[in-house]
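User: Hello! Please walk me through this model, with the cut-offs as we go.

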Amino acid sequence: MTPWPWAVVVPQKDLRLAKSRMELDGRDRRRVARALLRDTVTAARATPGVCEVIVVLDRARDLAAIQDLGVHHVLAPGSGLNEALALGERAARAVRPRCGVAALPADLPLIEPAVLGHALALARTRDRTFVADADHRGTTLLTAAPGHSLHSAYGIGSRDAHRRTGAFELTGPRFAPLRLDVDHLDHLLLVAPIAHHANLSEALARLDPSTFGHSPSAPPCLGAHR
């Protein structure tokens with residue numbers, strides 16, 4: 001029996017507001033957010049078993065950031081993250097009714113198709129699964145098999161929230177690249193020396209060199225990745 005395919009839903013808030021916790025000027029923040037989105041979507045498209053990528057956008061003008069990547073999009077202006085994912089999930093199931101659905105944040109600088117593919121292959125053994133973030137409090141990847149809903153509960157403490165809803169946690173050092181999302185400048189400084197995705201590398205090269213004036217401590221998952 002052929003394994004069923006995945007549709008990956010990537011939510012992206014208004015790029016003018018994205019990465020607001022980074023201590024960068026507005027233009028640099030938008031440039032970094034756009035680069036992370038493009039690299040994440042590109043990796044998802046190249047992942048074995050993925051048949052569709054749907055980006056849920058907060059603002060129509062941000063479509064220009066992904067228009068050349070060959071993905072579908074849904075507009076959800078003013079929606080919260082969980083509402084945006086619900087809209088993306090419905091769109092995915094409308095296009096691919098027999099697919100599984102995976103929610104993926106747009107800010108995973110270390111994401112690799114092989115790692116995501118491994119996670120999605122394991123996710124086929126459960127109705128719903130998730131991967132926790134580097135702090136073990138949040139969630140990065142969340143999946144639902146055909147016939148099941150994501151029941152996304154992103155927000156503060158989403159790791160525990162997803163466990164309470166019955167989702168199975170995927171663990172192990174191999175998932176390290178999926179666990180590091182980028183919210184703060186310290187996170188960005190950590191990945192800068194090992195960033196190799198084209199868009200992020202270009203965005204980092206355009207930052208003021210003084211941005212890299214200190215070296216924060218690496219979270220456990222980054223050390224494992226190295």
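**Helix packing and pocket**

User: Are H1 and H7 roughly parallel or roughly antiparallel to each other?

Analyst: In this predicted model, local features need pLDDT of at least 70 and side-chain atom pairs 80 or more, while totals for chains, interfaces and linings use all residues. Residues are numbered from 1 along each chain, and side-chain values use heavy atoms, without hydrogens or water. Helices H1 (residues 26-45) and H7 (residues 198-205), both DSSP runs (H or I, at least four residues), pack at about 165° with axes (lines fitted to C-alpha atoms over the stretch in contact) 7 Å apart. Angles over 145 degrees count as roughly antiparallel, so H1 and H7 are roughly antiparallel.

User: Which residues of H7 make the contact with H1?

Analyst: Contact means heavy atoms within 4.5 Å. H1 brings Arg31, Val32, Ala35, Leu36, Arg38 and Asp39. Facing them from H7 are Ala198, Asn199, Leu200 and Ala203.

User: Which element gives the most to the lining of the largest pocket?

Analyst: About 1100 Å³ of space lies in this pocket (an open set of 1 Å grid points with protein on both sides within 12 Å along at least five of seven lines; 1.4 Å probe; lining atoms within 4 Å of a point). Among its 41 lining residues, the closest to its centre are Arg21, Leu81, Asp107, Asp181 and Asp183. With three residues, the element giving the most is H2.

Conventions. Axes fitted to C-alpha atoms, helices over the stretch in contact; angles between N-to-C directions. Helix = DSSP H or I, 4+ residues; strand = E, 2+ residues; numbered from the N terminus. Parallel < 35°, antiparallel > 145°, perpendicular 65-115°, else oblique. Points joined across faces, edges and corners; volume = space filled by probe spheres on them.
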